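Please look through the sequence and the three-dimensional structure shown here before reading the notes that follow.

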Amino acid sequence: MYIEKIQSPADIKGLDMNALRTVCDETRAAVLNRVSKHGGHVGPNLGFVEATVALHYVFNAPTDKLVFDVSHQCYPHKVLTGRAAGFLGNVDDMNAISGYSSPAESPVYDNFEVGHTSTSISLATGLQKARDIKGTKENIIAIIGDGSLSGGEAFEGLDEASELGTGIIIVVNDNEMSIAENHGGIYKNLRALRESKGKCEHNWFKAWGFEYKYLEEGNDVEKLIEIFKSVKDTDKPTVVHIHTEKGHGFQPAINDKETWHWGAPFNPETGESLMNFSGEDYQTLFADWMLREMKSDPTLIAVTAGTPTAAGFTLAKRQEAGKQHIDMGIAEEQACAMASGMAKGGLRPVWTVYSTFVQRTYDQIAQDLCINSNPAVINVMWGGSGTMNDITHICLFDIPMLCSIPGLIYLAPTNCEEYFAMLRWAVAQDQKPIAIRVPSNGVIHTSEEMETAFSFESKYKVVHKGQKVAIIAAGSFFQKGENVVRMLAGKGIDATLINPRYLNGVDADTLNSLKADHQLVVTLEDGCKDGGFGERIASFYGTSDVKVLVGGIKKDLYDRFDQQQLLSDNRLLDEQIVEDVLGLIK
């Protein structure tokens with residue numbers, strides 16, 4: 001095999017075209033080997049193999065700088081930059097390699113930690129400016145695709161690249177897809193450019209002042225080499241638009257591009273999943289609920305931003321919803337502001353977004369939504385330590401972030417029935433924007449009767465009244481709170497258990513009532529404790545005799561962490577919490 005011997009891109013530069021095609025085949029097989037055993041982004045990487053080989057054949061990394069967007073297409077790059085063991089070896093070798101561009105892993109060839117979208121052009125313009133100021137001559141190449149052009153930062157990057165006016169190469173990897181189908185007006189022009197082989201009268205990139213080249217055969221390594229050679233060392237802002245096939249070389253990923261954007265381990269011969277995802281999930285439950293409600297309420301709108309299955313809206317369910325589902329493409333700022341506008345216009349929008357992506361639109365939540373007090377609903381998925389764990393995708397910061405915004409109510413249901421009770425109320429009310437942190441510890445049911453109306457002021461729920469110690473356990477950590485209370489009972493301590501329900505504010509009446517017969521309050525939250533829910537409780541009790549033990553995760557940038565180890569390191573295992581309580585109330 002060639003790729004076992006390739007330690008750097010220099011190792012492919014002397015190869016003839018037949019050998020380069022073999023390198024492409026071996027790289028694609030290596031990518032398929034990794035994703036079938038380890039999971040990861042399947043279709044985007046398979047479709048960008050030939051382009052990566054051509055880029056590294058023509059350009060001279062690491063002197064020339066490649067900047068990836070989202071990193072959905074960076075696996076072939078890793079194979080060719082000394083990391084093939086992470087694609088050919090055992091699962092431990094694979095675990096050592098991130099699924100995203102990472103200078104912590106390869107400071108020579110990976111220029112940025114990149115996992116969120118639409119950033120590559122902006123990052124590349126910074127390298128472009130640095131090069132121009134220093135007077136060096138390296139090529140700066142931004143790679144963007146998988147729907148990233150719909151994000152606002154991509155527009156800003158293009159604007160600045162054109163303004164700078166010096167050499168930068170923007171490779172637009174057009175595989176006709178985002179994560180799901182494309183949304184946004186720019187994709188109409190991309191389609192027109194594809195259909196005219198780059199020659200249609202209206203060219204979005206030329207209008208911005210870019211030199212423009214188009215290649216229809218985006219999976220032909222020889223033609224890719226030719227077009228990249230033609231723009232190497234350019235002194236002008238240049239777009240190279242290549243038409244690739246998402247999932248190229250693996251028929252299941254070609255046939256169903258959305259499903260195979262990312263995949264858990266699977267049988268590479270059949271495409272059959274090796275994981276058993278039996279049982280309920282909140283995405284499906286939410287989508288089914290929305291579709292039922294939409295039939296009687298034409299004002300109810302499901303909003304997504306490039307990740308429709310975060311809300312359970314598969315292709316079939318999107319089609320069933322029709323105009324009552326809208327996807328922005330990968331544009332969270334637009335999703336939030338548009339939801340605010342829809343609420344102002346009399347609709348009932350529910351925007352569903354993963355925790356890690358909601359932070360992309362802080363200003364729109366604060367300004368466009370909350371200052372205007374428009375009653376849109378934000379459904380926050382996968383918040384907590386048990387979901388995504390790559391450094392660019394950790395879901396630990398939504399509580400401090402959203403709770404810092406005045407005018408936003410942030411609810412934390414503890415089970416399925418409580419979630420839907422809160423959702424019904426949030427959709428029906430017309431006073432304030434409401435965010436709901438959907439439980440991330442599985443679908444847990446209760447037979448307990450749920451309230452149907454909630455307050456615009458924080459009102460905690462005392463589930464069990466004890467004394468001496470109170471456990472205030474929020475959202476996905478409520479069951480942990482129940483376990484701690486049971487374990488303390490075994491130690492002779494009848495602890496109070498509280499479901500706070502509201503993350504954004506304190507319930508002064510409930511907290512004051514604990515002062516008479518409690519000496520310790522323990523808060524538990526599944527997220528960053530710095531600036532979080534528990535610190536607000538600690539501040540409330542600051543001048544009193546009540547001690548507060550804040551249970552949460554220390555602020556840090558964690559990468560590919562093990563959840564149990566993370567909980568242990570932060571003294572969040574049930575037995576550790578009990579041990580700390582006993583130590584504090586001696």
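Predicted model: local features only at pLDDT ≥ 70, side-chain atom pairs only at ≥ 80, totals over all residues.

Residues are numbered from 1 along each chain as its sequence is written, and side-chain values use heavy atoms, with hydrogens and water left out. Helices (H or I, at least four residues) and strands (E, at least two) are DSSP runs, numbered from the N terminus.

**An enclosed helix and its partner**

- Helix α3 (residues 49-58) is largely enclosed by the rest of the structure, because 10 of its 10 residues are buried, where buried means under 20% relative accessible area, exposed means over 50%, and partly exposed lies in between (1.4 Å probe, protein chains only).
- The buried residues of α3 include Glu50, Thr52 and His56, and Val49 and Val58 are also among them.
- α3 packs against helix α11 (residues 221-231) at an angle of about 45°, with the axes 9 Å apart; axes are lines fitted to C-alpha atoms, for helices over the stretch in contact, and angles run from 0 to 180 degrees between N-to-C directions.
- That angle makes α3 oblique to α11, since angles under 35 degrees count as roughly parallel, over 145 as roughly antiparallel, 65 to 115 as roughly perpendicular and the rest as oblique.
- The contact of α3 with α11 has 10 nonpolar, no polar and 2 charged residues, with Ala, Val, Leu, Ile, Met, Phe, Trp, Tyr, Cys and Pro counted as nonpolar, Asp, Glu, Lys and Arg as charged, and the others, Gly among them, as polar.

- The crossing of α7 and α8 is left-handed, and the residues of their contact divide into 5 nonpolar, 4 polar and 3 charged.

**Aromatic rings**

- There are 19 aromatic pairs, counted where rings of Phe, Tyr and Trp (its six-membered ring) have centres within 6.5 Å, with planes under 30 degrees apart called stacked, over 60 edge-to-face and the rest tilted.
- Tryptophan 260 and phenylalanine 266 form an edge-to-face pair, at 4.7 Å centre to centre and 85° between the planes; tryptophan 260 is buried at 11% relative accessible area, and phenylalanine 266 is buried at 2%.
- Ring pairs also link Phe155, Trp204, Phe205, Trp208 and Tyr212 into a cluster.

**Backbone details**

- Most residues other than glycine have a negative phi, and most peptide bonds are trans.
- A cis peptide bond, with omega about 10°, joins alanine 61 and proline 62, and proline 62 is in the loop between α3 and β2 (65-68).
- Valine 70 has a positive phi, near 65°, and this valine 70 lies in the loop between β2 and α4 (75-79), where it is buried at 3% relative accessible area.
- Arginine 571 has a positive phi near 55° and counts as partly exposed at 33% relative accessibility.

Conventions. Left-handed = near helix turned anticlockwise from the far one by under 90°.
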